[in-house]
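Hi everyone, thanks for making time this morning. I'd like to walk you through one structure, so please have a look at the screen.

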Amino acid sequence: MMKNSPADGCFNPQKNIHLFKKLLNITKIVNFDNKMNISDWIHGREIRGKATFSIVDVKDAFAERPSKSINTELSRQVSRGRVQSVYRGFYVIVPVQYQLKGVIPPVYYVDDLMDYVGKPYYVGLLSAAAMHGASHQRAMKTQVTTIMPRIKVSGKNSLLEWNYRQEIPETFIMQKNAEIGTLRYSGPELTAVDLVQFASHVGGYQRVATVLAELMDSVDMGKIGRLMPFTTVVTIQRLGYLLERVLSRQSQADELFQVLKTQGSWNSILLSNDRDRRAGAPANRWHVNGNIDIEVDDLCV
């Protein structure tokens with residue numbers, strides 16, 4: 001009998017076909033990532049707890065696909081409400097709890113977004129004040145402070161309001177867990193100083209005083225002096241005036257005055273640069289002309 005003949009059981013065409021099909025299926029499994037569509041890829045990221053991605057991430061995952069095809073599919077996912085484009089080339093996967101409203105709060109993704117743009121940041125001003133319990137004057141948008149150059153504002157990030165500093169005072173930044181990842185926000189001392197320094201960003205000194213009335217219980221005045229490299233003498237003058245003459249927080253005003261004295265002499269200024277100097281306004285040690293009225297009763301609402 002010949003070797004490898006059907007009689008000795010060594011040659012079995014049907015068995016070989018079965019093995020070939022099995023090998024083919026294994027190959028398909030190995031190449032599954034190459035056959036995966038973008039919708040499946042998005043779902044895969046979501047179940048692994050990755051709620052954001054960039055256009056670069058998609059192009060890396062689908063290197064064999066032309067850019068036009070990828071952009072078309074991403075536009076389709078946006079139109080279906082599956083993802084949102086909140087910045088050029090940056091996407092957020094819409095979680096179930098926000099699908100009905102179709103609006104994702106920026107605090108959900110801002111940490112990932114700022115990592116994507118490569119800038120330090122913190123949530124500040126009224127948004128930070130609300131995190132410290134001063135919530136009666138909430139901002140309509142999430143107020144984020146970062147460094148220059150400016151972030152390009154568009155309808156894609158309309159729920160974000162940008163503010164800029166030359167440098168981020170890292171020792172005054174706090175951090176907490178967010179729905180995904182972490183969230184950086186200004187501590188109470190930096191928040192208080194920012195509210196005065198950038199009063200025009202929050203609606204003026206009436207609103208600033210209202211927020212400070214709630215916020216100052218959380219402020220450690222012993223830390224304010226370390227903020228001087230990041231603020232101005234004028235800001236400290238105005239903050240001191242508000243504490244002493246409007247909010248009647250004498251002990252905190254006294255501590256702040258000691259900080260101000262380390263800055264040498266200071267000039268007379270207006271409380272609000274939007275109004276003329278008020279004749280006959282009471283003199284004060286802060287050399288601030290109180291040219292606008294702030295009603296203390298309004299702070300107790």
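I'll start with the overall picture, then go to the cores, a pair of strands and some aromatic rings.

First, a word on what we have here: this is a predicted model. The mean pLDDT of the protein is 88, and 86% of its residues reach 70 or more.

Now the overall picture. The protein has 301 residues, and 44% of them count as buried. Its secondary structure comes to twelve helices and ten strands. If you take contacts between residues at least 6 apart in sequence, 57% of them join residues at least 24 apart. The accessible surface comes to about 16800 Å², and carbon and sulfur atoms account for 51% of that.

Let's go inside. Which residues have the most contacts within the largest nonpolar core? They are Leu195, Leu212 and Leu242, in a core of 48 residues. Five helices each supply at least two residues of this core: α8 (125-131), α9 (188-197), α10 (205-215), α11 (233-246) and α12 (250-261). Leaving out residues up to four places away in sequence, Leu212 touches Ala192, Leu195, Val196, Leu239, Leu242 and Leu247. Apart from this core lies another one, of 23 residues, and among them are Ile104, Met114, Tyr164 and Tyr185.

Stay with α9 for a moment. How many of its ten residues are buried? Nine are, so to speak, under cover. The buried ones include Pro188, Glu189 and Asp194, along with Ala192, Leu195 and Val196.

Next, the strands. Strand β6, residues 160-165, is mostly covered, with five of its six residues buried. Strand β5, residues 142-147, runs parallel to β6, and six bridges join the two. To find your place in that pairing, look for Thr146, which stands opposite Tyr164 in β6.

Last stop: aromatic rings. The structure holds eight aromatic pairs. One of them is Trp41 with Phe62, which is edge-to-face, at 6.3 Å centre to centre and 75° between the planes. Trp41 lies in helix α3 (residues 38-47) and Phe62 in the loop between α4 (55-61) and α5 (67-79), so this pair ties together parts 21 residues apart in sequence. Buried or exposed, what is Trp41? With a relative accessibility of 12%, Trp41 counts as buried. Phe62 is buried too, at 1% relative accessible area.

Another pair is Tyr87 and Tyr116. Their ring centres are 6.4 Å apart and the planes are at 80°, so this pair is edge-to-face. Tyr87 sits in strand β2 (residues 83-87) and Tyr116 in helix α7 (residues 110-117), so the pair ties together parts that are 29 residues apart in sequence. Tyr87 counts as buried because its relative accessibility is 9%, whereas Tyr116, at 33%, counts as partly exposed.

To finish, come back to Trp41 and Phe62: together with Phe53 and Tyr91 they form one aromatic cluster.

How values were computed. Residues are numbered from 1 along each chain as its sequence is written. This is a predicted model: local features need pLDDT of at least 70, side-chain atom pairs count only at pLDDT 80 or more; totals for chains, interfaces and linings use all residues. Side-chain values use heavy atoms; hydrogens and water are left out. A nonpolar core is a set of buried Ala, Val, Leu, Ile, Met, Phe, Trp, Tyr and Cys residues joined through side-chain atoms within 4.5 Å. Buried means under 20% relative accessible area, exposed over 50%, partly exposed in between (1.4 Å probe, protein chains only). Helices (H or I, at least four residues) and strands (E, at least two) are DSSP runs, numbered from the N terminus. Contact means heavy atoms within 4.5 Å. Two strands pair if DSSP finds at least two bridges between them. Accessible areas come from the Shrake-Rupley method with a 1.4 Å probe; for residues, only the protein chains shown count as cover. pLDDT is the predictor's confidence in each residue, from 0 to 100. Rings of Phe, Tyr and Trp (its six-membered ring) pair if their centres lie within 6.5 Å; planes under 30 degrees apart count as stacked, over 60 as edge-to-face and the rest as tilted.
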